[in-house]
Amino acid sequence: MSEYLYVGKSIPRTIETDKVTGRAIYIDDLKRPGMLYGKILYSKYAHAKIKNIDKSKAEKLPGVRAILTGYDIPDVRVGFIKDQTVLKKDVVRQFRDEVAAVAAISPEIAEEALGLIKVEYEVLPTVFDPVEAMKEGAPLVHEVDARGRPLKSNILPLPWKFYAGDIETGRKASAYTVKDSVSTTWVNQCCMGPSGCVAEFDMNNNLTLYDQTNVIHLGKQRIMEYFAQIGLKGKKVRVVNAIVGGSFGTKLDTDIYEFICMQLALKTRKPVKILFSREEEFFALPPRQPAIFDIEQGCDKEGRLTFRKCEALLDNGAYTSWGATTPSVMMMPMSSLYRVPNVSFEATCVYTNNIYCQAMRGYGNPQANFAVETSMDTLAEEAGIDPAEFRLINRNQSGDETPQRLKITSCGLEECINSVKEKLDWDKKKKDKKKARGVGMASLIHVAGGARVYMSDGHGIMIKVDQNGCVDVFESGTDQGQGSPTVISQIVAEALGFKPEDISLTMGDTGLSLWDAGTHASRHTFMAGNAAIRCCEKVKKQILDMAVQYMPKLIKGGFKRKKRKDPDFVQPDLDYSLISNPEDMDIRDRMVFPKSDPDHPYFKMDVREIVRSGLHVGVGDSRVVVAEEFYDPPTEMLDREMKGNLSMTYAFGTTGVEVEVDEETGEVTILKLIAAHDVGKAINPTLLLGQVYGAVYTGVGYGLTEEIKVVNGRVMNPNFRDYKMLTAKDVIPITPVVVEPGDEAGPFGAKGIGEPGLVPTAPAIANAIYDAIGVRITDLPITPEKILTALNDKQ
Amino acid sequence: MKKVSVSFTLNGDPVTAEVPVTWSLLKTLREYFELNGAKKGCGVGECGACTVIVDGDAVSSCLYPIPEIEGRSVTTIEGIASAEGELHPLQKAFIENNGVQCGYCTSGMLMSAKSLLDQNPDPTEDEIRTSIAGNFCRCTGYIQIVEAIGMAAETIK
């Protein structure tokens, strides 16, 4: 019975056939009766006073239904630390500041109306460099905080600090120490589907928001809070997702355009859609948070890490979204990637007049990993130890508790590092070094069993089975393309004893689900899977209770019918005690049977017959099969010292890269890339590889090509021509290695794998480039220009 | 706004559309014919999400001026399964091999691939990659898409 029927199998994502036939409805495709189109007017300056807004001409344009400015709607602050309003009045602090919004009968008219709105500005002094912004006398981006108290500095009141052990003790124990400075820049999430939503109020001012969020319940909460402040207290909110064209972090916050859309819908009494252009995707959505790190590490003579000290500076931009919280995730690799006893990490976020940032796949981990893994390489060199060996010496192991109090229940890191070594032929490549060729590696740790960043990290699920054997699963998460409808169906089929094709999944609807903290932090398969398994136990018990009650009757009824047709039929003498106790029975592949005799010729019965019998019993005693489960794992919030076991399990992995660098052009070719990941257990190996491949590609872009060029606060490359995302012609020969130690806490042993593939990719490439040409590029992306400059400087 | 009347073949059917002269083929497909498969990922011919086949060639429909479509034959993602609903081998292969994640690029990706296989039934990996070089995808890293196109080519052979 240990053999799984569906878990571990590459079941195709047939559920999503609509996506290959053009039938899937994205926000772009969604139309509501009488729907209007909203457009946003952005600031012309990075920092300016708004002297006057004249919308009279725009209002007269036929087809325009509403024009709103910050002077027309309640002055309510929104966002993570409530440092901005929905539409800006008095002052703009960045180019993407939303100054006015139009609703019109067509997107073209709305666009034309934007051009007719006249805004007079008075330019204010700007600051774009976070180092400059910290200095005394720098122009203040905000004069007051959320409560109206005057601010004296651009430094945010978010002092991210983590300390464990004692750095000086570590320093004294060190035989070797190194210091490095590295930096990472803005990159765009590049969802292929542009952002957008449709807001629709009914006549009682209850809202339905057709959306793309990956936090439907938190999103709803934010909207309810906003409503309470704009006179809509107690009004009902339902958030319903369309098919989502990628997320990668962009849908974690409730963005300003969503609030604007609600305001336009409220004003016009019509459904309103806002849909971003690609240009807006690049300049009006918060990208990945950039960071500057100064990192210092030491090790003893044997190569054991003695301490790690790091200071990070984050350009917060003009307002605060989730980008400012990336240090909370940076602390994880800083404190817990490899065994290091003494750790100090401090991060400072500083307001500037640049674009502000939010989440992107990996959160702060890719940034911090670049710092740690750069330092690991320089320290290995300083100590004269092979970089792979150095990492093996310091590897995390099962049973460890890290300085952040993360409990490492299962850890395949050793196997990951060794797989990379073997598949890259590491030792030989290091020994017989070829000119301009090199190998490098980097590892990662990431949450893989939820992430308790909110008081509830739970996931609620409801499952019903109807008389036709259809299993309806109402789960509380969202799918942004990762394949959860297939994966969760596999888990439910396995746990409940049905077939995957029996399962229908409803996701992304607050009206049809309990609560979920969001499809983020690589947590969905783990959380929804665990909730599903527990819920299936309840459902199964209901079905087996019914089986005990109805199976004997159904079997005996069958005998009677047989006897009527065939008078010679002799009813067999059966031991009905085999099916008298639900605990002695099971369901598998849609059949109910006694555990002691799974292939019993009479006691194996189609589960649908039993459910039907339970429902159609005559007056008063009929039953339906339905259960709900709320799974909130026994993890800890980080305490005041930023310590605590916030996840049930952690993912580990190692990326190894072999590169060739053209020293004439600075071009880097990736000859081989090994992505070895401890995934716990692959529920669906093909879908899992899709997560790894996609993440690695984004990681290669992060390492080599991608950069939002922000000059004096303005995004200079808001298009795919100038922003270099990889194409199909950029062949990255990836060899995936799937390590499956299984984790007790995971659904069928699985860990989360949405983000890990991205995390160590860029540092592995950087380390390989250093091995190839002896120059270390410490600011991402590693462009040919930077390589040539570094090579010139070296000579 | 001045309108233009264009007659062309759309997924095998003779059709006529009367739309503003400034409309693109993409806008006409989406708004006049309510064929939502082709997507506006950028609107300037860079991302490939709007790819359809015109007279055998994969084109960015967002850049295609509607007057130019007169007399031509257009195939969209909605027109590649059989009339009975049997999926095209490419569609099956994308499902089978996880060539789809968020699905936003998928329609365009499939049309580029179909144009390739119609003209070159036995493509090399490099030819497959070239055929979809103008179709961006953020989810997959292209690998399972390239494999899926190869699988479909095998099936069609």
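Two strands count as paired if DSSP finds at least two bridges between them, and strands (E, at least two residues) and helices (H or I, at least four) are DSSP runs numbered from the N terminus. Everything below comes from a predicted model, where local features need pLDDT of at least 70, side-chain atom pairs count only at pLDDT 80 or more, and totals for chains, interfaces and linings use all residues. Residues are numbered from 1 along each chain as its sequence is written, chains are lettered from A and ligands numbered from 1 in the order in which they are written, and side-chain values use heavy atoms, with hydrogens and water left out.

**View 1. A hairpin in chain B, made by β1(B) and β2(B).** Strand β1 (residues 3-10) of chain B runs antiparallel to strand β2 (residues 13-20) of chain B, and eight bridges join them. Pick out B:Ser7 and look across to β2(B): its bridge partner there is B:Thr16. Two residues sit between the strands of this hairpin, and B:Asn11 takes a positive phi near 50°.

View 2. An automatic or database domain assignment sets the domain bounds, and chain B is divided into domain 1 (3-79) and domain 2 (89-156). On the domain 1 side, B:Thr51, B:Ile53 and B:Ile77 supply 38% of the buried area, more than any other three residues.

**View 3. Chain B meets chain A.** Here 41 residues of chain B are in contact with 51 residues of chain A. The two chains bury about 3,800 Å² between them, and carbon and sulfur atoms give 57% of that. Look for B:Ile95, B:Phe136 and B:Arg138: this trio supplies 22% of the area that chain B buries against chain A, more than any other three residues.

**View 4. Charged and polar pairs between chain B and chain A.** The interface has six salt bridges, each a side-chain nitrogen of Lys or Arg within 4 Å of a carboxyl oxygen of Asp or Glu. One of them joins the side chains of B:Arg30 and A:Asp29, at 2.7 Å from N to O.

**View 5. Domain 1 against domain 2 in chain A.** Chain A is divided into domain 1 (31-124 + 195-275), domain 2 (291-453 + 637-794) and domain 3 (458-631). The C-alpha centres of domains 1 and 2 of chain A lie 37 Å apart, and 22 residues of domain 1 are in contact with 20 of domain 2. About 1,700 Å² is buried between these two domains of chain A. On the domain 1 side, A:Phe80, A:Phe95 and A:Phe248 lose the most area to domain 2, together 31% of what that side buries. The salt bridge count between these two domains of chain A is zero.

Definitions and conventions
Contact means heavy atoms within 4.5 Å. Buried area is the accessible area (1.4 Å probe) that two parts lose on being put together, summed over both. A polar contact is a pair of N or O atoms within 3.5 Å; within protein, one must be able to donate a hydrogen and the other to accept it, and residues adjacent in sequence count only if both atoms are side-chain atoms.
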